[in-house]
Amino acid sequence: MKLKNEVVVTAPLDRTWAALLDVPRVARALPGATVEPDGVEGVYRGALKVRLGPIAMEYEGVARLQDVDEDEYVASFRLQGREVAGPGGASATITNRLVPEENGTRVVVETDLAVTGRAAQFGRGLMEDVAGRLLEQFAARLETEVLAGDAGAAAQPPPAESLDLGAVAWRPLLRRYGLVVAVGVGAFLLGFALRRRPVVVIVERR
Amino acid sequence: MTFVGRSLRRVEDLRFITGRARYLDDLDPPGLAHAAFARSVHAHARLHAVDARRALASPGVVAVLTGEDLGESVRSLPAGMLEDGVVADAGHPVLARGAVRYVGEPIALVVAESRAAAEDAAELVDCEYEPREPVLDPRTAPDSLVRLHEAGNVLVRWSRSRGDVEAAFAAADRVVSCSFSIPRLVAAPIEPRGALAEYDAEADVLVVHCSAQDPHRPLAQLTHALGRDAVRTRVVVPDVGGAFGSKGAIGPEVVAAAAAAMRLGRPVKWAEDRLENFLAAYQGRGLEADAELAVSAEGRLLGLRARLCADLGAYLYPTTAVPPHTTAMLITGAYAVPAAEVELVGVATTKPPTGPYRGAGRPEAALIVERLVEQAARELEVDPFELRRSNFVPRDAFPYETALGWVYDSGDFERCLDTALELLDVERAREEREWARAEGRVAGLGVGMVIERCGGDWESARVAVEPDGPVVVWTGSSPHGQGHETTFSQIAADELGMEPEEIELRWGDSGEVPAGVGTFASRSVAMGGSALVHAARSLRERALPHAARLLSAPEVDVTWEGGAFVADGRRVGLREVAAAAGRLEADSRFESPLLFSSGAYAAAVEIERSTGRLHVLRLAAADDPGRVVNPLLAEGQVLGAVAQGLGQSLVEEAVYDENGQLRTASFADYKLLTAAEVPPLASTFVETPSPHNPLGAKGVGEAGAIGMPAALANAVADALAAEGIAGLDPPFTEEKLWRALTRRED
Amino acid sequence: MKPAPFAYDDPRGLDETLDLLARHGEDAKVLAGGQSLLPLLNFRLARPTRLVDVNRVDELAYLRRRGGNLRIGALTRAATLERSPLVAAEWPLLREAVRLVGHPQIRSRGTVGGSVAHADPAAELPAVLAALESRFHLRSRRGGRTLGPEELFVTHLTTALAPDELLVEIEVPPLPSRAGTAFVEYARVHGDFALGGAAAVVVLGEDGTCERAVVTLVAAAPTPVRAREAEEALAGGSLTEEGIRAAADLAAAEVDVPEAERPYRRALVSELTRRALERAVTRAREAA
């Protein structure tokens with residue numbers, strides 16, 4: 001499944017680029033997602049538990065910075081996760097491209113997502129219904145969450161074991177978009193947040 | 001009083017509808033262990049390692065078997081052959097080794113104390129995959145650099161050209177061409193597959209109960225894969241909840257369960273669940289085709305060319321190549337086309353294998369030739385029925401050898417068409433269509449001719465008459481919904497002078513019926529029934545000398561009349577002969593060339609512009625299955641096949657995404673029509689007996705699935721043509737029709 | 001397709017149920033009719049570690065009118081709603097919709113509360129209950145609260161129910177006189193999930209114009225969305241064919257599905273809304 005989205009953030013190119021590569025910072029925008037550095041430069045281990053009503057998918061995996069083109073301001077991440085309980089998994093390649101704009105920076109995000117296992121086979125079109133739109137909203141959050149505050153240590157997000165649609169803070173977002181995609185796209189776009197508990201990379205169906 | 005030809009009600013139904021049938025999953029021997037499979041989640045991947053440690057530690061687990069564990073002790077299932085064709089050696093491995101080639105391919109067998117425990121453990125089998133690119137489009141697969149098998153991606157090659165095809169096309173005033181994309185279908189029997197394997201190590205006897213279409217083919221496939229002697233292997237078929245062709249060949253899971261039973265010394269049952277059935281049971285259809293019809297200005301069909309590209313899936317079952325081959329051979333349909341050329345390429349894709357499914361190649365052929373003929377009529381601006389009539393194989397031309405070499409035994413295509421049109425009330429239907437169009441509505445009429453290749457090969461039967469008690473008939477044929485107990489008892493009753501209630505039919509146990517061919521290709525009555533007739537007549541011959549003695553008459557003066565031996569006004573029946581001479585028994589092996597049923601289906605439709613919904617307004621069928629043994633049951637077959645024919649035309653389609661994941665993996669997404677969607681069908685039979693068997697019977701089980709889709713496709717094409725839109729591929733979903741009518745690009 | 005292992009509780013009373021949810025809420029799922037939950041369990045898409053089976057909490061099964069309002073206990077079976085003379089007489093919209101819920105077998109087990117709590121966008125009951133501006137009563141050990149449809153339905157399969165909360169009752173206000181209602185849906189096969197649907201409530205003023213209208217959509221968005229723009233366009237109008245058609249198109253603009261599916265689904269919803277409005281108007285005029 002290919003997803004494409006763009007957002008213009010009101011910050012100069014350099015600052016946006018730095019933020020994008022600061023995986024832990026960017027992941028702070030994603031509640032319930034946690035990652036830890038793997039020890040190898042640019043590699044993070046993570047886990048993500050996502051709920052959509054009664055449906056609960058839990059994945060654990062690895063995200064790594066795949067290639068960085070500092071001249072063209074393109075960074076791509078490769079995420080691979082396996083279901084904790086089931087036989088399936090998911091993988092995604094997320095390519096972020098920055099383009100300077102008049103009043104900020106355009107972030108173009110292209111995600112190539114593949115899901116295997118039960119999540120790939122069911123849902124009556126449920127899951128993909130949210131994927132595209134959520135990416136859009138996520139991109140918008142990118143601006144507010146990451147760049148509105150100053151670079152570096154902002155307040156630690158409250159601990160959460162899983163991303164649950166019931167969470168009040170997410171309600172307005174989730175009213176319009178699905179949990180799964182939101183979390184998934186978030187994780188994909190941002191990499192992983194620094195967290196004491198592993199966060200699951202959401203592997204979205206398709 | 002004769003029973004053949006009468007509409008006796010089914011005798012087997014009482015046990016089915018009162019819950020007393022015994023299906024595979026009802027079998028529960030002591031010590032039973034349950035099987036579940038760890039299956040591939042990737043459409044294509046190298047399989048580097050399978051680690052069963054976590055699974056083995058799961059509660060209730062007895063054993064885990066992988067492809068490595070089976071090693072060389074087990075062979076892949078056989079791949080089948082094709083006359084005059086090339087078929088790759090790409091049989092289905094029992095458990096994957098080194099590579100997986102479709103989502104759902106079995107990787108490891110988990111045996112546990114319960115199915116739930118087995119499923120829990122199956123999730124814990126850790127597979128190390130190296131994903132590779134899926135191969136999904138049969139048109140491009142042959143040239144893909146991603147090779148699924150050593151031989152490449154082309155698994156079947158076959159072609160035939162007869163008559164001067166080039167000249168025909170050169171001489172043509174018009175060449176009509178159509179392309180087709182016929183999707184895969186899921187057979188969806190109400191009872192999924194399954195097997196129960198029990199092994200007696202001391203006697204070295206393996207008994208496998210198998211939900212199957214007959215015991216013979218499973219026996220052959222099992223013994224091949226396990227390297228066992230058929231003498232020490234027995235297959236028993238219990239009551240079966242439908243198959244529609246999908247239980248003809250056993251799946252690798254059956255072999256794995258048998259291997260497990262042999263190793264563990266416990267009975268092992270695999271009762272497939274619905275999800276497995278969707279993912280891994282072999283599917284039907286799946287064909288890309290380009291075809292051209294050469295026509296003269298006067299409406300003479302001069303020649304036909306077709307290139308068929310079959311989406312065969314990851315491996316070949318013994319019957320995988322049969323449906324596309326049948327499509328190729330039947331490409332000229334009901335028409336006397338003197339020149340034809342067909343090229344068939346069967347391609348490997350990263351999807352489950354395909355195989356016979358109700359119609360098995362004939363629906364595809366009917367769709368192709370009937371759409372071409374309809375298109376020709378449209379382009380030549382002639383009446384589509386007249387065009388057909390003037391090109392039919394004439395009723396006095398039988399037996400008729402088609403250009404490609406099959407011999408139609410009997411038929412009267414014109415009568416079928418005329419009858420179907422009459423049943424449809426075509427004059428009225430045409431009027432209604434014109435009124436609808438005048439009001440701006442979208443309406444169409446269409447016809448589809450059926451040629452159903454059936455029967456052939458041979459079948460076995462054995463009959464025994466005792467002085468009292470049931471008259472036992474053993475048949476190599478095997479029912480899974482067809483009503484054998486009813487029809488065969490009618491046939492036996494007539495041949496032996498009994499009442500149908502006296503007949504007891506036995507089938508399905510290779511120990512009791514060691515030789516037979518089985519149930520598929522609409523062959524039960526024609527082949528199984530005829531074998532029964534021969535066995536009965538053979539038994540009468542044996543009884544004759546004894547009867548003559550009882551009648552105190554010379555043998556030459558004894559005749560068989562009204563169900564008894566008669567001489568000089570005296571009568572003696574078979575029971576009395578058995579009382580005097582002892583048990584009477586005879587068997588037979590009945591051989592026959594292929595038989596060809598035919599028919600005509602007609603439909604009138606209207607498409608709602610605002611929603612794209614297709615309304616089937618009128619449906620008519622005139623089927624010629626040769627002599628009809630039981631009209632009630634035959635009609636039931638037609639109706640059932642029509643329901644499936646409608647399903648494949650309106651809603652059914654197995655959809656794979658770009659990663660080779662099945663998107664229609666449950667009935668929430670793979671739609672089946674309910675009785676509410678099947679409109680009334682006006683149906684009748686035209687009987688042109690076959691010269692090839694004593695019953696004069698052919699087959700009727702699949703005709704509806706062959707004729708209905710062709711008739712509907714033509715009706716839809718007719719409706720859309722009036723709007724200036726070209727024909728579409730099935731299924732004709734509301735969204736597809738709406739987009740066509742509103743001219744949206746997909 | 002066996003579920004993953006789970007613990008099982010079988011409470012008899014509401015208090016016991018709420019205790020269980022308070023203790024286990026995060027990992028527990030409430031099991032009522034099971035017609036939506038069990039398939040998810042069987043597919044292992046849902047893996048609650050605990051099932052709290054409320055089928056024997058009889059105090060939640062009731063259907064009564066009090067103070068003019070219909071009070072539906074959450075455990076009321078869809079079939080009960082379908083067969084109720086009270087519902088047929090006073091809230092015909094509910095009956096019209098519930099008859100389209102799956103098949104009779106499903107309706108004999110599935111509950112009204114379960115359908116609401118499951119919040120499948122293609123479900124009929126949430127949409128008609130929203131169209132009737134119902135109130136949803138929730139209870140937990142922490143107390144009770146009442147939500148309207150737009151507060152309750154959050155997105156696909158998701159409501160505002162907290163893990164320790166149970167939906168106990170749905171309260172439906174009476175329809176005014178001079179009101180007509182209709183429910184129309186389209187499913188590809190009988191009893192199947194709807195591809196689209198619309199519930200319409202039209203209230204006529206004394207002069208026969210539209211006093212107010214409520215339109216909710218089925219399978220059009222992640223929740224049973226209210227087509228407010230369509231409602232506004234109808235209010236005060238004379239409910240002509242063109243007016244209804246225009247409102248139907250406004251309703252269709254609310255359709256929020258993936259881009260590829262949007263054109264068809266919008267056309268479908270527009271047509272279904274049009275039919276629902278036409279029928280509701282006819283019935284309102286007959287009632288007046």
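This is a chat about a predicted model with several chains, taken one topic at a time.

User: Let's start with chain A. How many helices and strands does chain A have?

Analyst: Chain A has 6 helices and 7 strands. Going from the N terminus, the elements run β-α-α-β-β-β-β-β-β-α-α-α-α.

User: What share of chain A is buried?

Analyst: Buried residues make up 54% of the 206 residues in chain A. If you take the contacts in chain A with a separation of 6 or more, 71% of them come from residues 24 or more positions apart.

User: OK, and what is the mean pLDDT of chain A?

Analyst: The mean pLDDT of chain A is 66, and 56% of its residues reach 70 or more.

User: Which elements of chain A have the lowest and the highest mean pLDDT?

Analyst: The lowest belongs to helix H5 (residues 171-176) of chain A, with a mean of 34, and the highest to strand E5 (residues 74-83) of chain A, with 89. Also, pLDDT stays under 50 over residues 150-206 of chain A. The model has 196 contacts beyond four places in sequence for that stretch.

User: What about chain B, which domains does the assignment give?

Analyst: The domain assignment of chain B gives domain 1 (24-132 + 187-280) and domain 2 (150-183 + 288-396). Taken over C-alpha atoms, the centres of these two domains of chain B are separated by 36 Å.

User: I spotted a sheet in chain B with E5, E2 and E7. Is its pairing parallel or antiparallel?

Analyst: Antiparallel: 3 strands form an open sheet in the order E5-E2-E7 (chain B). The edge strands are E5 (99-100) and E7 (126-131) of chain B, each pairing on one side only. Strand E2 (residues 45-51) of chain B is joined to E7(B) by 6 bridges. Ala49(B), for instance, has Glu128(B) in E7(B) as its bridge partner.

User: Now helix H12 of chain B. Why does its span agree with its number of residues?

Analyst: H12 (residues 413-424) of chain B has 12 residues, so at 1.5 Å a residue it should span 16 Å, and its end C-alpha atoms are 16 Å apart.

User: Which residues of H12(B) are buried?

Analyst: They are Phe413(B), Cys416(B), Leu417(B), Thr419(B), Ala420(B), Leu421(B) and Leu424(B). These buried residues of H12(B) pack against several elements of chain B, including helix H13 (426-438) and strand E19 (442-465). Just after H12(B), Asp425(B) takes a positive phi of about 60°.

User: Where else in chain B is there a positive phi in a residue other than glycine?

Analyst: One is Phe244(B), with phi near 60°. Phe244(B) lies in the loop between strand E12 (233-236) and helix H7 (252-264) of chain B. Another is Asp457(B), with a positive phi of about 65°, placed in strand E19 of chain B.

User: Is Phe244(B) buried or exposed?

Analyst: Buried, because it has 27 other C-beta atoms within 10 Å and the cut-off for buried is 20 or more. Asp457(B) has 14 C-beta neighbours inside 10 Å, so it counts as partly exposed.

User: And which residues does a cis peptide bond join?

Analyst: One joins Phe398(B) and Pro399(B), with omega about -5°. Pro399(B) is found in the loop between H11 and strand E17 (400-401) of chain B. The peptide bond from Pro730(B) to Pro731(B) is cis too, with omega near 0°. Pro731(B) lies in the loop between helix H18 (703-721) and helix H19 (734-741) of chain B.

User: Last one, chain C: how many residues of strand E11 are buried?

Analyst: 8 of the 9 residues of E11 (residues 179-187) of chain C are buried. E11(C) pairs with strand E12 (residues 194-204) of chain C in the antiparallel sense, over 9 bridges. In that hairpin, with 6 residues between the strands, Gly191(C) takes a positive phi near 80°.

Conventions. Residues are numbered from 1 along each chain as its sequence is written. Chains are lettered from A and ligands numbered from 1 in the order in which they are written. This is a predicted model: local features need pLDDT of at least 70, side-chain atom pairs count only at pLDDT 80 or more; totals for chains, interfaces and linings use all residues. Domain bounds come from an automatic or database domain assignment. A residue is buried if 20 or more other C-beta atoms lie within 10 Å of its own, exposed if 12 or fewer, and partly exposed in between; C-beta atoms are placed from the backbone. Helices (H or I, at least four residues) and strands (E, at least two) are DSSP runs, numbered from the N terminus. Two strands pair if DSSP finds at least two bridges between them. Two residues are in contact if their C-beta atoms, placed from the backbone, lie within 7 Å. The expected span of a helix is 1.5 Å times one less than its number of residues. pLDDT is the predictor's confidence in each residue, from 0 to 100.
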